[in-house]
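Work through the exercises below with the structure open beside you. Try each task before reading its solution.

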Number of protein chains: 2
Amino acid sequence: MSRHPDRDQIRIESVLSALGSPVRLAAVRVLDAGGEHNCGSVLAVLGITAKSTMTHHWRVLRESGVIWQRPSGRENLLTLRREDLDARYPGLLDAVLAGAAADETLTRAAADA
Amino acid sequence: MSRHPDRDQIRIESVLSALGSPVRLAAVRVLDAGGEHNCGSVLAVLGITAKSTMTHHWRVLRESGVIWQRPSGRENLLTLRREDLDARYPGLLDAVLAGAAADETLTRAAADA
C-alpha cells in the first residue's frame with residue numbers, strides 16, 4: 001500500500017479537500033474512535049454495503065495523509081493519522097469533528113421541528 | 001447575487017470542500033485581512049490576471065457560505081463571513097489559516113534547503 005505522504009509532505013488543501021465529502025467525513029468520524037478498523041466495519045457503521053464505492057474514498061484519504069491504510073490478510077486496516085494531523089495543523093481535526101457533530105444536531109433539530 | 005446560505009444552512013463538508021483548493025484558500029487568506037475587497041484587488045495579490053478563472057471559485061466560496069459577494073457598480077465586493085464561520089465552527093477558520101501559513105513556511109524552507 002504505497003502513496004502515504006510523510007508528515008512533512010501533507011498539505012492542508014489536500015486534507016480539507018479529503019474531508020470535504022460527506023461520506024469521507026463520516027468515515028473519519030468512525031475512525032476517530034481510535035485504533036485500527038477494517039473497511040467492512042467502517043462501512044457497516046456508515047450503512048454502506050458496496051465496498052467498491054469506498055475504494056476511491058480510501059485512496060483520497062490515504063493520499064492526503066488523513067489515514068493510514070495497510071493490507072492485512074484479505075482486507076485493509078485503517079487508522080486515523082491524528083498525531084500527524086494534530087502536529088501539522090493544531091486544532092483542525094477537533095474543529096472539523098466538532099463541526100460535523102454540530103451540523104448533525106442542527107439537521108436533526110430541523111427534521112424534528 | 002443570490003445563493004448565499006443563511007448561517008444555519010452552512011454545512012461543514014461544503015466549507016471544507018470550498019477551502020480545499022489552493023487558489024480558493026489563497027483568496028480566503030487575502031480576505032482574512034478584513035473588510036470588503038473587490039475581485040480585482042484579490043486577483044492582483046494572487047497574481048491572477050484572468051478574471052474568468054475566478055468566477056467559478058467565487059461561486060463555490062459564496063454558495064458554501066465562506067464569503068459574501070455583492071455587486072457594486074461594475075464589480076463585485078467580497079467579504080469573508082468570519083463571524084458566521086466562527087459561530088458555527090469555532091476554531092476552524094483559525095486552524096485552517098494557521099495551517100496554510102505553516103505549509104507556506106515549510107515549502108519555503110524546503111526550497112531554500
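**Exercise 1. The two copies**

Through which surface do the copies meet: what share of the interface residues of chain A are also interface residues in chain B? Then find the rotation that superposes chain A on chain B.

*Solution.* A reminder first: this is a predicted model.

Step 1. Compare the interface residues. 100% of those in chain A are also interface residues in chain B, so the copies meet through the same surface.

Step 2. Recall how copies are described in general. A rotation about an axis and a shift along it relate two copies of a chain.

Step 3. Read off the values. Chain A is superposed on chain B by a rotation of 180°, with 0.0 Å of shift along the axis and an RMSD of 0.0 Å. The two copies are thus related as by a two-fold rotation axis.

**Exercise 2. A helix pair across the chains**

Describe how helix α1 of chain A packs on helix α1 of chain B.

*Solution.* Two numbers are needed. Packed helices are described by the angle between their axes and the distance between the axes.

Step 1. Take the geometry. Each helix covers residues 12-19, and the axes come within 7 Å and cross at roughly 150°.

Step 2. Classify the angle. Angles over 145 degrees count as roughly antiparallel. That makes α1(A) roughly antiparallel to α1(B).

Step 3. The crossing of α1(A) past α1(B) is left-handed.

Step 4. List the residues. Leu16(A), Ser17(A) and Leu19(A) of α1(A) make the contact with Leu16(B), Ser17(B) and Leu19(B) of α1(B).

Step 5. Sort them by class. The contact of α1(A) with α1(B) has 4 nonpolar, 2 polar and no charged residues.

**Exercise 3. Two helix pairs within chain B**

Which residues of α2(B) meet α6(B), and which residues make the contact of α3(B) with α4(B)?

*Solution.* Begin with α2 and α6.

Step 1. In chain B, the axes of α2 (residues 22-31) and α6 (residues 92-112) come within 11 Å and cross at roughly 110°. α2(B) and α6(B) are therefore roughly perpendicular to each other. The crossing of α2(B) past α6(B) is left-handed.

Step 2. From α2(B) come Leu25(B), Val28(B) and Arg29(B). They meet Leu93(B), Val96(B), Leu97(B), Ala100(B), Ala101(B) and Glu104(B) in α6(B). The classes in the contact of α2(B) with α6(B) are 7 nonpolar, no polar and 2 charged.

Step 3. Turn to the other pair. α3 (residues 39-46) and α4 (residues 51-63) of chain B pack at an angle of about 110°, with their axes 11 Å apart. That makes α3(B) roughly perpendicular to α4(B).

Step 4. Cys39(B), Val42(B) and Leu43(B) of α3(B) make the contact with Lys51(B), Met54(B) and Trp58(B) of α4(B). The residues of the contact of α3(B) with α4(B) divide into 5 nonpolar, no polar and 1 charged.

**Exercise 4. The sheet of chain A**

In what order do the strands of the chain A sheet lie? Trace the pairing strand by strand.

*Solution.* Step 1. The sheet of chain A is open and has 3 strands, in the order β1-β3-β2, with antiparallel pairing.

Step 1. Find the edges. They are β1 (37-38) and β2 (67-72) of chain A, each with a single partner strand, so one side of each is left without a neighbour in the sheet.

Step 2. Count the bridges. 2 bridges join β1(A) to β3 (residues 75-80) of chain A. 6 bridges join β2(A) to β3(A).

Step 3. Check partners in β3(A). His37(A) has Leu78(A) as its bridge partner. Ile67(A) has Leu80(A).

Step 4. Look at the turn. β2(A) and β3(A) form a hairpin with 2 residues between them, and Gly73(A) in the turn has a positive phi of about 65°.

**Exercise 5. The sheet of chain B**

Which helix lies across β2 and β3 of chain B?

*Solution.* Step 1. In chain B, an open sheet of 3 strands has the order β1-β3-β2.

Step 1. Pair the strands. β2(B) and β3(B) run antiparallel, joined by 6 bridges. Arg70(B) has Leu77(B) as its bridge partner in β3(B).

Step 2. Place the helix. α4(B) lies across β2 and β3 of chain B, running at about 120° to β2(B).

Methods. Residues are numbered from 1 along each chain as its sequence is written. Chains are lettered from A and ligands numbered from 1 in the order in which they are written. This is a predicted model: local features need pLDDT of at least 70, side-chain atom pairs count only at pLDDT 80 or more; totals for chains, interfaces and linings use all residues. Side-chain values use heavy atoms; hydrogens and water are left out. Copies are superposed by least squares on the C-alpha atoms of residues with pLDDT of at least 70 in both. Contact means heavy atoms within 4.5 Å. Axes are lines fitted to C-alpha atoms, for helices over the stretch in contact, and angles run from 0 to 180 degrees between N-to-C directions. Helices (H or I, at least four residues) and strands (E, at least two) are DSSP runs, numbered from the N terminus. Angles under 35 degrees count as roughly parallel, over 145 as roughly antiparallel, 65 to 115 as roughly perpendicular and the rest as oblique. Ala, Val, Leu, Ile, Met, Phe, Trp, Tyr, Cys and Pro count as nonpolar, Asp, Glu, Lys and Arg as charged, and the others, Gly among them, as polar. Two strands pair if DSSP finds at least two bridges between them. A crossing is left-handed if the near helix is turned anticlockwise from the far one by less than a right angle, and right-handed if clockwise.
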